[in-house]
Amino acid sequence: MKKKLLALVCALALTFSLAGCVISTPDTVGKIGDFEVTSGMYLLAQYGAYQQAAQLAGTDQDATNVKAFLKETITTDSDTGETAVVSDYVAQKTQETLETLAAVDARFKELGGELTDAQITTADSYAQQMMDNYGDTYTANGIGLETLKAFERLQLEHTALLGLIYGPDGETPVADDELTSHLDDSMYEIGYVTIPLYNTSTYAFADDDQKAEMLSLAQTAADSVNLAEPETTSEQVSSLTAAAKAALPDIYAVLDGEFSADSVNVQTELLTESDVDTAFTQDGAADALRGLAYGEAAAVQLNGSSLILMVRLDPLNVASLDSLRDTILSDMKGDELEDALAAYGAELTHSLDSSAMNKLPASKIDNSSSSNS
């Protein structure tokens with residue numbers, strides 16, 4: 001149920017190759033402030049922007065036909081109905097990503113940040129894994145290993161900025177009581193067991209009456225936890241485990257399924273509001289979680305294919321505030337940091353070498369491939 005936070009470019013979704021014919025490009029295409037934009041980094045940002053456009057495209061648009069797709073119009077905001085021509089959208093998002101990367105690099109240096117040897121090794125190792133898995137696609141789009149290494153190091157700098165700005169010794173530190181308040185009000189530690197709304201052998205889905213019966217049985221299990229009134233986190237998890245073991249055989253039997261109580265495994269996870277909205281998609285499910293007090297259990301239909309039997313836990317009884325600090329800061333200050341980086345990156349563009357950048361126009365993505373990356 002977790003999402004990866006603070007990602008600048010969707011580098012994993014390597015579905016389409018943007019390369020058409022290969023042209024020669026310079027080693028660098030300009031600067032944003034003191035940040036030198038290599039051709040490889042430009043192409044990586046451009047590739048990520050194209051992937052975002054492809055994800056937004058409707059089913060009637062063929063994102064694999066690059067030249068045609070660039071001329072199409074996509075809806076960029078489903079709430080407002082705002083649209084954009086793909087080539088313009090890609091150009092804008094490419095620029096925004098490069099500005100953010102420049103701002104990350106500048107702020108990290110301003111605050112005295114320095115990656116450790118271990119962090120550099122981690123970034124380089126991940127870049128190598130990406131090249132090993134998707135090297136053909138990267139190479140076809142002019143993106144080499146050194147570019148991926150540089151990008152992954154910037155990702156680590158980006159994450160480190162949370163501590164450098166908002167940590168105890170940061171530029172504008174967030175007090176512990178503020179962190180605790182956000183943790184209590186906007187984050188949710190749960191112990192849970194997910195229950196499929198289908199027979200795991202035949203994959204036959206439950207009808208509405210069967211779903212209602214399964215949910216009723218699961219809620220009875222939750223009620224038994226609440227009646228026991230377990231006090232400590234350990235007791236709450238143990239109580240949920242016992243309730244699940246007792247209830248799941250009957251729940252599975254509704255769909256003529258078999259279940260071994262020995263395989264019950266209560267998992268724990270700290271969720272953000274965004275996680276809850278993403279995972280708890282059935283009407284009323286998210287509000288049911290938000291309404292739980294620490295130690296209180298409930299059963300809800302999680303989404304169209306599963307139920308969840310859960311108990312809300314006090315996160316500070318699962319982990320220390322210090323160990324949760326980065327996670328809380330990311331949820332509490334992540335958007336603020338993104339906005340600040342975007343604004344700072346835009347300020348830095350006055351020193352951009354636009355004549356060099358124009359050698360790689362985003363409107364001609366299908367011609368953008370480089371061996372100098």
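In this predicted model, Asp207 occupies the loop that runs between strand E5 (187–196) and helix H7 (208–228). Asp207 counts as partly exposed because its relative accessibility is 41%, a value in the range between the buried limit of under 20% and the exposed limit of over 50%. Together with Asp208, Asp209 and Glu213, Asp207 forms a negative surface patch.

**Overall architecture**

- The chain contains 12 helices and 8 strands.
- Of its 373 residues, 46% count as buried.
- The accessible surface of the chain comes to about 17,900 Å², and carbon and sulfur atoms account for 46% of that surface.
- When contacts between residues at least 6 apart in sequence are considered, 72% of them join residues at least 24 apart.

- Tyr252 belongs to helix H8, which spans residues 233–253.
- The relative accessible area of Tyr252 is 13%, and Tyr252 is therefore classed as buried, the cut-off being under 20%.
- Leaving out residues up to four places away in sequence, Tyr252 touches Ile195, Pro196, Thr200, Gly257, Glu258 and Phe259.

- Gly257 is located in the loop between H8 and strand E6 (267–272).
- Gly257 counts as buried because its relative accessibility is 17%, and the cut-off for that class is under 20%.
- Residues touched by Gly257, not counting those up to four places away in sequence, are Asn199 and Tyr252.
- Gly257 and Asn199 are 58 residues apart along the chain, and their C-alpha atoms are separated by 5.7 Å.

**Glu157, a buried acidic residue**

- Glu157 lies in helix H5, which covers residues 145–166.
- Although Glu157 is buried, it has no salt bridge.
- The nearest side chain of opposite charge to Glu157 is that of Lys109, at 7.0 Å; a salt bridge would require a side-chain nitrogen of Lys or Arg within 4 Å of a carboxyl oxygen of Asp or Glu.
- Apart from neighbours within four places in sequence, Glu157 is in contact with Val104, Asp105, Phe108 and Leu115.

Technical notes
Residues are numbered from 1 along each chain as its sequence is written. This is a predicted model: local features need pLDDT of at least 70, side-chain atom pairs count only at pLDDT 80 or more; totals for chains, interfaces and linings use all residues. Side-chain values use heavy atoms; hydrogens and water are left out. Patches are made of residues with over 30% relative accessible area and no salt bridge: like charges are joined within 9 Å, nonpolar side chains (Val, Leu, Ile, Met, Phe, Trp, Tyr) within 5 Å. Accessible areas come from the Shrake-Rupley method with a 1.4 Å probe; for residues, only the protein chains shown count as cover. Lys and Arg count as positive and Asp and Glu as negative; His and the chain ends are not counted. The place of a charge is taken as NZ of Lys, CZ of Arg, CG of Asp or CD of Glu. Helices (H or I, at least four residues) and strands (E, at least two) are DSSP runs, numbered from the N terminus. Buried means under 20% relative accessible area, exposed over 50%, partly exposed in between (1.4 Å probe, protein chains only). Contact means heavy atoms within 4.5 Å.
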